[in-house]
Amino acid sequence: MTEDLPELRASDADRERVAEQLRDAVAEGRLDMSEFEERLDAAYRARTYGELTPLTRDLPVPGVTAPAVNMVKQPAQDGSWASRVVGGGGASSWAVAIMGGFERKGRWTVPKKFNCFTFWGGGVVDLRDADFADHEVEINCVAIMGGVDVIVPPGVEVVVRGIGIMGGFDHREEGVRGEPGAPRVIVTGVAFWGGVSIRRKNTEAERRRLKEERRQEKLERRAERRRLE
């Protein structure tokens, strides 16, 4: 019906229904975060049905079952810890930074033991989007007049067995209980006139999701104030 009246003015409720359908789509993996943010922004700026309709044209209609997809070739990852412990030898087993830097981040497989070395340099070992070769992996860091930043996602248990000699080895994340099925990350090594830091951070996708939730809460409070006024 809305397609027959493209110039009809849309209401706040219409925009919110489209936004809710977009949130469902990103939660199901039908949209990535950049597409979601672009469409959501367009939804809140839309003034007519004609501007709202294209934003959900390629998404399933609520209540209608989508066509089945053959997943025999490779199982789909569901985001659970079980799906991220994949076995194998890992994508990369070492990294070196001498008067330079290195980064291991994004989608990669952490081996059972990953070694990294920095000398007058710095490195980042980011495990937030990584898969794991085993339920227990070791990150061995040697930092000499340099630094290594190990970033782990929430839910992972961290054990620290490194030492600092005229330097620092971060033990703040040790002792936080891991989630059931989550891998255990053991950080070992030595920092000599350098430092090894261990930080727990959300993924970019999770940070965007939380940001959108906060934005939605603000919109709801604003709408409630308008009703009360």
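Colleague: In which helix is Arg17 found?

Modeller: Arg17 belongs to helix H1, residues 12-27. Helices (H or I, at least four residues) and strands (E, at least two) are DSSP runs, numbered from the N terminus. Please note that this is a predicted model, in which local features need pLDDT of at least 70 and side-chain atom pairs count only at pLDDT 80 or more, while totals for chains, interfaces and linings use all residues. Residues are numbered from 1 along each chain as its sequence is written, and side-chain values use heavy atoms, with hydrogens and water left out.

Colleague: Is Arg17 buried or exposed?

Modeller: Arg17 is exposed, since its relative accessible area is 54%. Buried means under 20% relative accessible area, exposed means over 50%, and partly exposed lies in between (1.4 Å probe, protein chains only).

Colleague: And how far apart are Arg17 and Ala43 in space?

Modeller: They are 9.6 Å apart, C-alpha to C-alpha, with a sequence separation of 26 residues.

Colleague: Turning to the sheet, what is the strand order?

Modeller: The sheet is open and has five strands in the order E2-E5-E8-E12-E10, with parallel pairing. Strands E2 (101-104) and E10 (168-169) are at the edges with a single partner strand each, so one side of each has no neighbour in the sheet. Two strands pair if DSSP finds at least two bridges between them.

Colleague: Why is strand E8 largely enclosed?

Modeller: Strand E8 (residues 147-152) is largely enclosed by the rest of the structure because five of its six residues are buried.

Colleague: How many bridges join E8 to E12?

Modeller: Six bridges join these parallel strands, E12 being residues 195-200. Val150 is opposite Ile198 in E12. E8 also pairs in the parallel sense with strand E5 (residues 122-126), over five bridges, and there Gly122 faces Gly147 of E8.

Colleague: What does E5 do with E2?

Modeller: E2 and E5 are paired in the parallel sense over four bridges, with Glu103 opposite Val124 in E5.

Colleague: Now the surface: which residues make the nonpolar patch of about 600 Å²?

Modeller: Trp94, Val96, Ile98, Met99 and Trp120 make that patch. Patches are made of residues with over 30% relative accessible area and no salt bridge; like charges are joined within 9 Å, and nonpolar side chains (Val, Leu, Ile, Met, Phe, Trp, Tyr) within 5 Å. A salt bridge is a side-chain nitrogen of Lys or Arg within 4 Å of a carboxyl oxygen of Asp or Glu. Ile98 lies in strand E1, residues 94-98.

Methods
Accessible areas come from the Shrake-Rupley method with a 1.4 Å probe; for residues, only the protein chains shown count as cover.
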